[in-house]
Amino acid sequence: RSCRPPAYPPPMRAAPFRFAPPAVELSPELGWALRRAFGPVEVEVAAGDPEMAVERARQLDLAARIGARVPQERLAAECGEAGAVRLRAARAQAAAAGLQVLAAAGEVAAVAAGAGIPVAWLKFAGLAGLGLPVLGSRRVGDLDLLVEPAAAAPLAAALRAAGFREGSGVASAHHLAPLFAPAGPAVEIHTRLPGVRLAAGRSATLADLEAAGLLEESREPLAPGLVPAARALRAHLLVHALAQHGLAPAAYPGLRLFGDLLALGAPGEPLPIDLSPREVAAAEELAAALGRGEIPAAGDARRLLDHLLAGAFDARYREGLKLTFWRGKPSDLPPWRRRLAWLRRALCPSAAELAAIYGEPKGRGHLLLLRLWRPLDLAGRTVRALVSRWRSS
């Protein structure tokens, strides 16, 4: 259909720069992992200790990407035969997982088509749908898709009728609790792109993307349907990595974002999102530098890199971030309601959320004990986070 694109409102107010990490010393092994994951393949890079270099790549979730893009001979020369085999194995495992996710996308597409529900693929499946060579270079564990809010429950019901099963995952404000495909991958049905703001200041829906001309047909035969245009997928990936999970680095490997940004190519005209222009500029600057095989020495791009590295390797910094991980997370609620909702979920989580935190309760009595324990546990975690922040400052 033909619609005039909506006027874009200013993005939700966000902190100018939410990351304040300690300076991270860049060892030869870290430098090798970053340059091999993102920089020019033809340039020789010294690995330092080859075994540690490969381990650093694994810890940063870059092993599959390195194994996919660097020739075997060069890997063997720089990190030894055993290291090269580990990296190629990571690539093979990522490719196998990616094929499982794309196969699940085909199953979902068939069910959605039978129910007359349009579906747009997000994250890994969205990148593949844009025709980008991400299979094997990016670890993936689930299938993310976007439907109109009113279609989410009917699609979930149709998938359950087709053999998809429920698990122990938790729903959020922008997606249902995950289902699991018969072959295994989790499937998250999203109703909005949190923090991507196209109309009336709310998080974008599928209809908003369509109205703005930001949808196109998927080019991936295994995942027929729709995909957000590169600008919209870029905005979604930035928000997901830096606003949703930026202050909880254990939940998402942040350096994965930069492979995605480089795969998407030049940024183009940015969309309004729940990141400050300074944060977006830092991410784009860091992606461009890494793509050239350079590591920023100073400025916001280096601060962002230090945050990602400290989040992976500095337990005290990671623990200290727990004091602030709720700040700046995308939400369509007013600030006071957002804080109140966060406090309620933190102190009085649902049964599914308690199970996700502590494991499945063994009966009603155990569930009651977990509810009573939760505020005390949260207080203890807060004290530990304060101590970690003080020690790392």
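## Ground rules

Two strands pair if DSSP finds at least two bridges between them. Helices (H or I, at least four residues) and strands (E, at least two) are DSSP runs, numbered from the N terminus. This is a predicted model, in which local features need pLDDT of at least 70, side-chain atom pairs count only at pLDDT 80 or more, and totals for chains, interfaces and linings use all residues. Residues are numbered from 1 along each chain as its sequence is written, and side-chain values use heavy atoms, with hydrogens and water left out.

## The chain as a whole

The chain has 15 helices and 9 strands. Of its 393 residues, 47% are buried. Buried means under 20% relative accessible area, exposed over 50%, and partly exposed in between (1.4 Å probe, protein chains only).

The chain exposes about 18000 Å². Carbon and sulfur atoms supply 58% of that area. Accessible areas come from the Shrake-Rupley method with a 1.4 Å probe; for residues, only the protein chains shown count as cover.

Start with strand 2, residues 142–146. Strand 2 pairs with strand 1 (residues 120–121) in the antiparallel sense, over 2 bridges. Alanine 120 has leucine 146 of strand 2 as its bridge partner. Strand 2 also pairs with strand 5 (residues 186–190), here in the parallel sense, over 5 bridges. Strand 2 is largely enclosed by the rest of the structure, because 4 of its 5 residues are buried.

Strand 5 has a further partner in strand 4 (residues 179–180). These two run antiparallel and are joined by 2 bridges. Phenylalanine 180 stands opposite alanine 186 of strand 5. Strand 4 and strand 5 form a hairpin, with 5 residues between them. Glycine 184 sits in the turn and has a positive phi of about 125°.

## Both faces of strand 5

In a regular strand the side chains alternate between the two faces of the sheet. Strand 5 is covered on both faces. On one side, Ala186, Glu188 and His190 are buried. On the other, Val187 and Ile189 are buried. That makes 5 of 5 residues buried, so strand 5 is largely enclosed by the rest of the structure.

Helix 8 covers residues 230–244. Histidine 236 lies in this helix. Its relative accessibility is 1%, so histidine 236 counts as buried. Leaving aside neighbours within four places in sequence, histidine 236 is in contact with Leu122, Lys123, Leu193 and Val196.

Glutamine 244 is also in helix 8. Glutamine 244 is buried, because its relative accessible area is 12%. Not counting residues up to four places away in sequence, glutamine 244 touches His174, Pro194, Val239, Lys329 and Pro330.

## Helix 9 against helix 10

Helix 9 (residues 256–264) packs with helix 10 (residues 277–291) at an angle of about 80°. Their axes are 9 Å apart. Axes are lines fitted to C-alpha atoms, for helices over the stretch in contact, and angles run from 0 to 180 degrees between N-to-C directions. The two helices are therefore roughly perpendicular to each other. Angles of 65 to 115 degrees count as roughly perpendicular, under 35 as roughly parallel, over 145 as roughly antiparallel, and the rest as oblique.

Helix 9 brings Phe258, Leu261 and Leu262 to the contact. Helix 10 brings Ala283, Glu284, Leu286, Ala287, Leu290 and Gly291. By class, the contact has 7 nonpolar, 1 polar and 1 charged residues. Here Ala, Val, Leu, Ile, Met, Phe, Trp, Tyr, Cys and Pro count as nonpolar, Asp, Glu, Lys and Arg as charged, and the others, Gly among them, as polar.

Helix 4 spans residues 72–115 and holds glycine 80. Glycine 80 is partly exposed, because its relative accessible area is 27%. The C-alpha atoms of glycine 80 and glutamate 51 are separated by 8.2 Å, though the two lie 29 residues apart along the chain.

Alanine 77 is in helix 4 too. Its relative accessibility is 67%, so alanine 77 counts as exposed. Alanine 77 and glutamate 44 are 33 residues apart in sequence and 9.7 Å apart in space, C-alpha to C-alpha.

Key. Contact = heavy atoms within 4.5 Å.
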